[in-house]
Amino acid sequence: MKFRDRTILVTGASRGIGAAIAKAFAAEGGLVFVNYRSSTAAAQAVVEACQAAGGQAVAIAADVTVPGEVEAMVARVAEEAGRLDVVVNNAFAPYVFDPDNRARFWETPWASYQAQIDGAVKATYTVCQAALPLMRQRGRGAIVNMATDLVARPSIAYHDYTTAKAALIGFSRNLATELGPLGIRVNCVAPGLVWPTDASGKTREAVKDQLIAQTPLGRIATPEDVTGPVLFLASDWSGFVTGQTLHVDGGLVMA
Amino acid sequence: MIERAGHLPGLAAAEVAWLQLDFAAWGESVQVSMPVLTEEQARALAAHIRENARAYLKTLPVAQIVTTIDKAIARLLDRDDPWRRKAEAILPIVTGYDRETVRLGLSGYLRTFRAPQLQRFLAEDFVNPGILDVFQPAMKGGFSRAHGPELLLHIWAGNVPGLSLWSLISGLLVKAGTVGKVASGEPLLAGWFSQILAEIDPKLGECLAIVWWKGGDTESDEVWLNEADTIVAYGGNEALAAIRERVPVTTRFLPHGHKIGFGLVSRAALDTRKAGPLTRLVAHDVMRYEQQGCYSPQMLFVERGGKVSPREFAELVSGELARFARTHPRRALSVAEAAGVAAWRAAEEMRAFDGGGRAVLGDAGDPWSVVCVEASEALAPSGLNRTLKIVAVDSLDAVVPLVAPFRAFLQSAAVAAAPEELFRVAALLGEAGVTRICAFGRMTAPEAGWHNDGRFNLLDLVTITEIEQAAELAAEGFAAYVD
């Protein structure tokens, strides 16, 4: 029970990787705030799964790109838990990974980049700004930001998405530098293709086979594969690790 | 492990009763045998020291004493020397300070007692240290010579390793027959040092003794307080007052009471580049010896208006203390000490509920505690053992009225400010009673030759014998060669 008496906020936790992360924290005894934007029913299902797993969970709606909503969310965390140990910035702007019909660079308007940067960097920025006072007061905390291994190896050029995640890694390293002296760690987890999730539903078998062929561990990641590294970076087992990006892609990227 | 405290020239160990004190820390334990002298033995020891000092120590040139002390210190600085190895092995268990703190603290401290530093120390108090050897011409005419007491008694307190050496060495430099009463918190180093001196110069070893008696043992108190010509005593004001009551009126009594160190940080030091390293130095001063020294900081006044706010500065100090908790773990606290820390923190948390911009940082279970206060607050002791209050002020001048009412407790203040402000603030602090202005990171390491509590530590021990000019001239009239 590594996270007993710990409070964890997971953004975008009503489905996919975020839901898996929330459940994993709950299974380790944590009190998990399951953030979602609109899928109330799905979030409630995650809460129930968390409770079934042995932890406590609260569904909490907020659009993480809207400061007012984020502040209200963190205020509720402070009120209900009185502390915040871990933030997992998992939410991202809607995106469909479709290798067959992706937008090429000359088809990608700046607005698409902006939308992804808002979804990845602005959302993380907004959540961190709101959550930091709680962490600074106690001089401890861990922030885990979800990136992608596409930054290190753009097997398929998802320009807007990957550029935004690259910015998120840079953002995280700077934040790690700023917050290290205050006892707060910031790291990234960079999965490869994770299947099945809503976003990866359009990725065809041929593409998966191609990735699998180049992956030392010989398969595609599942949402559960991602949870271990996130929990590790959120726990004091990684107490001397900050500013890192941990690739979770079966060895496709080695850095 | 059994270790024997004290240094008792002229008394055989078998004749003496020994009381065993048990110490344990860091998973090890050590038993220290403390000498318990009868009244008769104490009087005999006093006479032995007095006679030997008169016959030998008083005849040594001060330069030779410096050389001998230098040799002894060199042995304690040499990490391969058996005495040093013993000190590094046992002092962490006895005092509870972690090994690195003891090792670094010892080296840093002992360095201030090598020959050049001792010469500086002498020069601080005597224009011509030769005045300790022979009559020297005086500026006003005539000749002067300084004499240390025949029997100087030190009563030490606290558990900072080697703190006793400071006054012990002062006494030797003025050729005083010396008896030191060790504190139960650190009963060993003074005895070891005396034994090293005795190994180097056996006759000098006969001129000093290290003793102990139980607190409240008024009979022993009585004997020693009456035997001594001069008494240097450390401790709390109550303990000192109790001693003073029983000191004969003709005996010189030099008390060093408890002090509250503090620090001032000017906004000039509070930009985003300088603040970080400065907080590390602050945390170092707080961590070193768990604020058990008179010079340790218990409160910090941080000026508003810098790029880094007092609150941010407090968070950074707390972060640095978190790191020191790993590299230099806090010693295990006694029940009373732990209760003191918890009570201090709980009281601050209660006041934080009332608002007023008070923040208690970290978790209650942390082995350190930093409180940040936005309203101005007067100097007050912290809970010790890595507890610090940081008070925001509008200017460093505003600190003076916050500390001035506590003149008796003022001694060391660290100041981080530009030169002009340093001197201006130092003048104000000096008027208020502060006697030592130092840099952060150096609070627990006073420089060689410092004036403890603003006093002349050697000069206070001596009496000056003057040959008046008229006596000298008159003597000419009685010379055989007079015409």
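Here is a short chat about parts of chain B in a predicted model.

Visitor: Hi! Is this structure predicted or something else?
Guide: Hello! This is a predicted model.

Visitor: Okay, let's start with helix H1 of chain B. What span should its 17 residues have?
Guide: H1(B) covers residues 39-55, and at 1.5 Å a residue it should span 24 Å. Its end C-alpha atoms are 24 Å apart, which agrees.

Visitor: Which residues of H1(B) are buried?
Guide: They are B:Ala42, B:Leu45, B:Ala46, B:Ile49, B:Asn52 and B:Ala53. Looking down the axis of H1(B), you find the buried residues within an arc of 145 degrees, so they line one face of the helix.

Visitor: Why would residues a few places apart point the same way?
Guide: An α-helix has 3.6 residues a turn, so residues three or four places apart point the same way.

Visitor: What do the buried residues of H1(B) pack against?
Guide: Their partners in chain B are strand S6 (151-155), strand S7 (177-181), strand S8 (208-211) and helix H9 (218-227).

Visitor: How many bridges join S6(B) to strand S9?
Guide: Four, and S6(B) and S9 (residues 230-234) of chain B run parallel.

Visitor: Switching topic: which residues are buried in H7(B)?
Guide: Among them are B:Trp192, B:Phe193, B:Ile196 and B:Leu197. The buried residues of H7(B) pack against several elements of chain B, including helix H2 (62-77), helix H3 (82-95) and S7. H7(B) itself has 12 residues and reaches 17 Å from its first C-alpha to its last, close to the 16 Å expected.

Visitor: Last one! How many residues of chain B are in contact with chain A?
Guide: 10 residues of chain B are in contact with seven residues of chain A. The largest share on the chain B side, five residues, comes from helix H12 (residues 310-327). By class, that side has four nonpolar, four polar and two charged residues.

Definitions and conventions
Residues are numbered from 1 along each chain as its sequence is written. Chains are lettered from A and ligands numbered from 1 in the order in which they are written. This is a predicted model: local features need pLDDT of at least 70, side-chain atom pairs count only at pLDDT 80 or more; totals for chains, interfaces and linings use all residues. Helices (H or I, at least four residues) and strands (E, at least two) are DSSP runs, numbered from the N terminus. The expected span of a helix is 1.5 Å times one less than its number of residues. A residue is buried if 20 or more other C-beta atoms lie within 10 Å of its own, exposed if 12 or fewer, and partly exposed in between; C-beta atoms are placed from the backbone. The arc is that of the directions from the helix axis to the C-beta atoms. Two residues are in contact if their C-beta atoms, placed from the backbone, lie within 7 Å. Ala, Val, Leu, Ile, Met, Phe, Trp, Tyr, Cys and Pro count as nonpolar, Asp, Glu, Lys and Arg as charged, and the others, Gly among them, as polar. Two strands pair if DSSP finds at least two bridges between them.
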